[in-house]
Amino acid sequence: MSEPVYIVGLDIGTTKIACMVGEKMPNGKIEIRGYGKADSTGVKRGMVINIEETVDAIKKAVAEASEQSKVDIKSVNVGIAGHHIKSLQHRGVLIRENADMEISDQELDKLRLDMYKIGTAPGEAIVNVIPQEYFIDGEYIGNLRPKGMLGNRLEANFHIIIGQTSAVKNIEKCIHYAGLEMENMILEPIASASAVLFEDEKEAGVAIVDIGGGTTDIAVFYDSIIYHTAVIPFGGNVITEDIRKGCSIIKKHAEEIKVKFGSAVAVENSDDEVVSIPGIRGREAKEISFKNLASIIQARLEEIFDLVNFEIQKVNSEHKLGAGIVLTGGGAMMKHICQLAEFKTGMEVRLGTPNGYLSNETSDDLVTPMFSTGIGLVIEGMAKYEAERLRGHKNDDMKNEKREKKLIEKQEKKK
C-alpha cells in the first residue's frame, strides 16, 4: 500500500488567509484532512502590503492546519490575484529536428518554456503559461498533449498570465519567511474554477466569477480551453465600506449587517423591516431599513457586474457561453445575488460550491463558496503532482524549469 500524498493549498486573501491539507481518495475525490484560517491584515486588494503581518497570519493558518491534519507542512501551492494581473494569448512554434521521431514531453516543455522569453513591460513578470490547444504541421489537434505523435512543425496557443514583479516577489518572500517552500504559484480564478466548474460547463462555455474580499476574479472557458482571465479591484470590502459611509456606522457593524441582513436586490425587501445598530459611546441606537441597506449593496454589485460583463464580452462575441456564469467566493453568498447577476448580464447564473470534488468525509463547514479558492489550490496542486509523477521526471522537470526561468530573468536584466 503506497504512502498517502498530502497537497497543501494556501489562499492569501484580503480578508482571510486559509490553509488546506488535502488527500486524494481511491474514488478520485479530495478529502480535506486539515484546515487553518487567520485574519488577513497585511493584504489589500489581493496584494501584500505588509510582509510581517502576512507572514504571521500564514504561520498561524499553517500551524492550525498542520495540527488538525497531523501533517508536517513544508511546501504549499499558493494563490495569486490582485488588480495587477493581466493575461494575453501567444502562439509558440517548434521546428522538430527529426519528424520521424515521436513528440516527447521534453519538446512540449520546451515549447511552453519558450513563452517565458516573450517581452513584458518593465516591472512585470510572467507568472504562469497555460497551454490552450496544439497544432501539428498546421492540423488542429486539440487541448490534449500530443505526446507520441509524429510531425515536423509543432505549434501551440498559450494563455499567458502576467503580474507585477514586486507583487510576485512579495508573495515569495512571505512564503520563505514563514519557513515554507512554494510548490506552485497558481492564479486564483483558475484554482476556483477547478473547485466549482464541471467539464461539460467548460465545453459549453462558462465564466467563473469569484467575488472575494478585495477583488473579483474572472476566468472564461470555451471548448474546455481557458480563453480569458481578469481581476477586478473591487470585492466585498468595498461594499462594507459603502455601507459604513452610507449609514454612518462603524466598519464592524457594517460588516455584520451586510452578512446577516444584506440583499443584492432592493425591491425584495419591504420598507418596514429594520435593524437597530448600537450607538457609539452612549449615543442613541440607529435604525437602518433592510431596503436602504439593499440599495447600497445593489448599487456596488451592479458596478461590479458591469465590469464583469465587460471582461466577458472580450471573448463572448466570438464564443457564446452556453453554461452562463458561475458565482463563487464569500461575496457570492449574498442573498438574491444570482438574480441580480442574471439581470445585469443576460446570462444564466448559478452558485458554485466545491462539493462536486470533495469526499463525503470533508466537513460541511468547508463546502461553501467562501473556500472555493483554497480547495481549488489543493485540486490544482494534486493535478500538477500527478501529471509530473506519471511523466516520471517530476524533480528533474521542476529543477530544469526553475533553472531556465532564472536564466531568462538574468538575460532580461542585462538588456
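This is a predicted model: local features need pLDDT of at least 70, side-chain atom pairs count only at pLDDT 80 or more; totals for chains, interfaces and linings use all residues.
Let me start with a pair of helices. Helix α6 covers residues 236-247 and helix α7 covers residues 251-261. Two packed helices are described by the angle between their axes and the distance between the axes. For α6 and α7 the angle is about 115°, and the axes are 8 Å apart. The two helices are therefore roughly perpendicular to each other, and their crossing is right-handed.

Which residues meet there? From α6 they are G236, I239, T240, I243 and R244. From α7 they are K251, A254, E255, I257 and K258. Sorted by class, this contact has four nonpolar, two polar and four charged residues.

Now α7 by itself. Its buried residues are H253, A254, I257 and K258. They sit on the same side of α7, because they cover an arc of only 135° around the axis. The face turned away from that buried side carries exposed residues, namely K251, K252, V259 and K260.

Between α6 and α7 there is a loop, and S248 is found in it. Most residues other than glycine have a negative phi. S248 is not a glycine, yet its phi is positive, near 55°. Is S248 buried or exposed? With a relative accessible area of 52%, S248 is exposed.

Another serine to look at is S224. Its place is in the loop between β13, residues 216-222, and β14, residues 225-232. S224 also has a positive phi, near 65°, and is a residue other than glycine. At 26% relative accessibility, S224 counts as partly exposed.

Back to α9, which runs over residues 337-345. Its buried residues are I337, L340, A341 and T345. Seen down the helix axis, they fall within an arc of 110°, so they line one face of α9.

Last, N170, in helix α3, residues 165-177. At 23% relative accessibility, N170 counts as partly exposed. What does N170 contact, if we leave aside its neighbours within four places in sequence? The contacts are V48 and I51. As for N292, N170 is 122 residues apart from it in sequence and 40 Å apart in space, C-alpha to C-alpha.

Notes
Residues are numbered from 1 along each chain as its sequence is written. Side-chain values use heavy atoms; hydrogens and water are left out. Axes are lines fitted to C-alpha atoms, for helices over the stretch in contact, and angles run from 0 to 180 degrees between N-to-C directions. Helices (H or I, at least four residues) and strands (E, at least two) are DSSP runs, numbered from the N terminus. Angles under 35 degrees count as roughly parallel, over 145 as roughly antiparallel, 65 to 115 as roughly perpendicular and the rest as oblique. A crossing is left-handed if the near helix is turned anticlockwise from the far one by less than a right angle, and right-handed if clockwise. Contact means heavy atoms within 4.5 Å. Ala, Val, Leu, Ile, Met, Phe, Trp, Tyr, Cys and Pro count as nonpolar, Asp, Glu, Lys and Arg as charged, and the others, Gly among them, as polar. Buried means under 20% relative accessible area, exposed over 50%, partly exposed in between (1.4 Å probe, protein chains only). The arc is that of the directions from the helix axis to the C-beta atoms.
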